[in-house]
Amino acid sequence: MFLPLHVTVRVPATSANLGPGFDCLGLALKQYTTFEIELLWGSVEQGHKPFIDIFSAWGDDPAIDALPADYRNLFYQAFSQRLISLGMPVPAVRVRATIGVPPGRGLGSSATAVVGGLLAADAVAGRVYSTEQRVDLLDAAVELEHGKHADNIAAALLGGLVVVTRDERNGAWYAIRTFVPANLRAVLFVPNFPMDTILGRTLLPTGYTKVDAVHNIGHVALLLAALAIGDLKGIGAAMDDRFHEPYRAHIFPQLPDLLCAARAAGAYGACLSGSGPTILALAAEHAEEVAMALEETAHALNVDGRVIIAEIDHCGASVEADPYRATSKVDKSQHGGIVLSCTNCEIHFTLDRTDYRCDCGQPLDVALGNIGTEMNSIAWRQLFDERLRSLKAVDRSGVWRFRDLLLPLPDITPITRPEGQTNLYLVGRSQDNGGYRRIGEFAGLDQLWLKHEGENPTGSFKDRGMTVGVSIAKWLGMTAVACASTGNTSASMAAYAAQAGLRAIVFLPEGKVAAGKLSQAIAYGAEIRQIPGDFDRAMADVERMCLDDGIYLLNSLNPFRILGQQSLAFELLQQFGWDVPDWIVLPAGNLGNTSALGMGLLRACQLGLITRLPRIISIQAAGANTFYQSYQTGFTEFHPIKAKTIATAINIGNPVSYSRAKAVIQATNGLVAQVTDEEILRAKAIIDRVGIGCEPASAASVAGVRQLVTKGIIHPADRVVSVLTGNLLKDPDAVLLAQRVALGEV
Ligand code: F0G
């Protein structure tokens with residue numbers, strides 16, 4: 001018996017061949033057909049017939065009207081056959097197909113139906129795939145489509161430009177997604193008349209001369225090389241074909257004139273899409289002119305049709321399944337090659353391990369394998385910039401916007417507010433912005449930015465890690481979460497746990513948590529355990545309780561929180577137009593944020609999103625300076641201390657992420673400094689006065705900048721970003737104190 005369930009699959013149009021790549025190149029385009037499937041009670045075995053509603057997102061089109069709306073429908077055929085081959089009964093369904101890829105035009109409409117049916121069936125069966133694993137579906141998908149268009153199918157499955165070929169000896173398919181310059185666009189002229197693919201094939205000769213074969217092989221290689229290095233001008237000559245276009249031109253006599261018109265208007269190259277009749281022209285900045293030229297020429301030649309400009313789809317078909325049903329069948333231990341790893345012992349653990357310390361005592365990290373290498377840096381930047389324009393919460397979130405690099409689990413349901421998207425204030429001396437430049441004058445810097453993480457939903461940077469940590473807790477099926485905290489982590493965890501419907505338990509050092517933070521944890525319904533001792537004691541207690549009682553630990557020992565906090569690096573770089581400041585300075589306590597920022601920057605560099613690393617500076621309070629002391633010994637020694645500072649957020653003497661943060665300071669050629677409580681309060685008073693405001697720990701970063709400029713370590717002309725980690729309202733008692741220190745009364 002099946003439960004009611006919705007699955008939505010959206011599949012891109014695809015263009016095969018690209019000229020010479022006959023039967024071996026496919027390009028996915030941002031023009032989609034969507035299939036929404038609702039599972040009804042009962043099954044086909046019990047006599048239920050499918051309900052299929054077909055809508056056109058393409059406009060009036062007889063070919064869409066002619067699509068069968070019963071069991072003969074290609075989508076439904078693929079869906080039901082796939083379920084049968086998986087040994088599953090075929091459920092009764094209602095299908096709503098919204099056709100944006102018109103049939104019979106050489107845009108891979110059959111591939112949309114087959115790939116859609118296959119992925120929908122697999123989602124119903126609880127099978128969810130990463131992009132890499134989708135390659136393994138190619139055989140099954142090609143088998144389901146009578147036309148056997150592996151080129152269209154592979155591009156629809158994987159997205160981007162795909163090279164696909166078959167080993168004729170054993171029948172195995174190979175498909176590799178390769179690079180396309182991010183600014184490339186496809187201008188399509190789609191004639192109103194369909195062309196029968198089978199007829200298109202019968203026009204082709206049964207054999208080719210060696211000269212023609214060598215010509216096409218050379219041109220495919222040339223085309224791929226030109227696209228890979230971004231030599232757009234090289235594309236034109238490379239798109240010449242001798243295998244199909246000359247023969248198919250016989251039934252489309254206006255083809256040569258239309259191709260010429262596109263090229264003359266600035267297209268880099270133009271060809272017949274698949275077996276036609278659509279014409280595909282590749283262009284970048286002249287896309288509009290090419291579109292116009294195709295329209296005018298078609299009109300002059302009396303060919304009715306429509307011109308569209310499509311961007312390249314880099315992701316392939318997307319699947320959204322009802323989370324409760326789909327996740328219940330997923331094996332949490334095996335996910336897209338993502339594992340937990342201990343950098344010390346080089347041991348890997350599967351994702352279902354929730355004890356986040358290795359047996360050697362070292363905190364575990366999430367190892368993402370090759371994730372992020374499936375697209376080039378230009379395409380990533382373009383994707384992230386595009387998402388800024390979206391209204392969807394997951395795209396607007398300054399964490400989930402980068403989900404493909406952070407946590408590409410296809411079946412996760414983000415618990416998001418959305419967080420991130422915090423302001424970057426220009427406060428340097430060179431700024432002509434009245435009050436704000438007072439901070440630059442205080443710090444002694446011409447170019448200074450404040451990245452205000454206190455503008456997150458619960459008022460601190462912790463929300464970046466917490467959205468990921470709580471989403472994972474839910475994904476793993478946990479029912480209770482816990483943390484020890486100097487205040488902000490508990491406020492954040494309480495809020496996200498409440499949103500997710502999870503029980504929240506917080507361990508707080510008694511009397512050492514600022515009023516704003518404590519109020520939040522109480523208000524959001526967390527169970528509060530006041531620990532008679534300091535944060536380090538609370539940390540040890542909560543770790544023990546979580547292990548003993550199977551409760552999910554959400555301190556920064558949790559590697560998914562560190563992963564989420566890496567988004568600070570990506571968002572900052574995006575706000576910088578993917579340029580790099582010279583220094584990034586942040587307050588440091590338990591060292592989770594230092595670790596995460598550094599790991600994010602290192603990944604950005606590995607993926608080519610940036611070409612050099614900024615230097616990271618961790619600022620500690622002099623009364624809680626374990627990391628600073630260790631840095632002074634060249635990180636050869638590490639001694640936990642009893643911490644005491646007015647900046648309660650960083651009142652920590654035994655930081656959990658010490659080894660991660662040490663690696664980050666070393667890798668970024670960074671440094672660690674300390675500031676006194678008085679320096680912190682003076683910096684806070686200025687930040688508050690100009691109308692920005694922050695809590696004391698945050699002000700440590702600006703206090704540290706001022707000190708390092710005075711010492712000549714930071715140059716006054718350097719470009720510096722200082723991270724403010726918490727909101728002013730978190731610690732209202734510190735406000736008057738800071739003002740009095742600034743006025744010299746204390
Ligand atoms: N700034 C604020 C406002 C914080 O709340 C914290 C940490 C830090 C800086 C230091 O960041 O620990 O990653 O080095 N607060 C934790 C908490 C410990 O429990 O809220 P870190």
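Three helices, α19 (488-500), α22 (559-565) and α24 (592-606), each put at least two residues into the lining of the largest cavity; helices here are DSSP runs of H or I with at least four residues, strands are runs of E with at least two, and both are numbered from the N terminus. A cavity is a set of points, on a 1 Å grid over the protein atoms alone, where a 1.4 Å probe fits but cannot get out, and lining residues have an atom within 4 Å of a point. The model is a predicted one, with local features needing pLDDT of at least 70 and side-chain atom pairs counting only at pLDDT 80 or more, while totals for chains, interfaces and linings use all residues. Residues are numbered from 1 along each chain as its sequence is written, and side-chain values use heavy atoms, leaving out hydrogens and water.

Searching the whole structure turns up two cavities of 30 Å³ or more. The largest holds about 300 Å³ of space, where a volume is the space filled by probe spheres set on the points, with grid points joined across faces, edges and corners. Of its 26 lining residues, Phe 461, Lys 462, Asn 590, Ala 649 and Ile 650 sit closest to the centre. Helix α24 gives the largest share of this lining, three residues. Sorted by class, the lining comes out as ten nonpolar, 14 polar and two charged residues; Ala, Val, Leu, Ile, Met, Phe, Trp, Tyr, Cys and Pro count as nonpolar, Asp, Glu, Lys and Arg as charged, and the others, Gly among them, as polar. The second largest cavity has about 30 Å³ of space, and its lining is made up of Thr 486, Pro 509, Lys 512, Asp 534, Phe 535, Thr 648 and Asn 651. That lining splits into two nonpolar, three polar and two charged residues.

Next come the pockets, a pocket being an open set of points with protein on both sides within 12 Å along at least five of seven lines. The second largest pocket has a volume of about 710 Å³. It is lined by 41 residues, and Pro 103, Gly 104, Ser 109, Ser 110 and Thr 197 are the closest to its centre. Elements that each supply at least two lining residues include β1 (6-17), β2 (21-43) and α3 (109-124), with α3 making the largest share at five residues. This lining has 17 nonpolar, 16 polar and eight charged residues.

Over in helix α29 (residues 733-742), Ala 734, Ala 738, Gln 739 and Val 741 are buried, meaning under 20% relative accessible area, with exposed being over 50% and partly exposed in between (1.4 Å probe, protein chains only). Viewed down the axis of α29, these buried residues fall within an arc of 160°, so they line one face of the helix; the arc is that of the directions from the helix axis to the C-beta atoms. Asp 733 and Leu 736, on the other side of α29, are exposed. The buried residues of α29 pack against α27 (677-689) and α28 (696-710), contact meaning heavy atoms within 4.5 Å.

Leu 138 belongs to helix α5 (residues 138-144) and, at 2% relative accessibility, counts as buried. Setting aside residues up to four places away in sequence, Leu 138 touches Ala 150, Ile 153, Ala 154, Leu 157, Val 164, Trp 173 and Ala 175.
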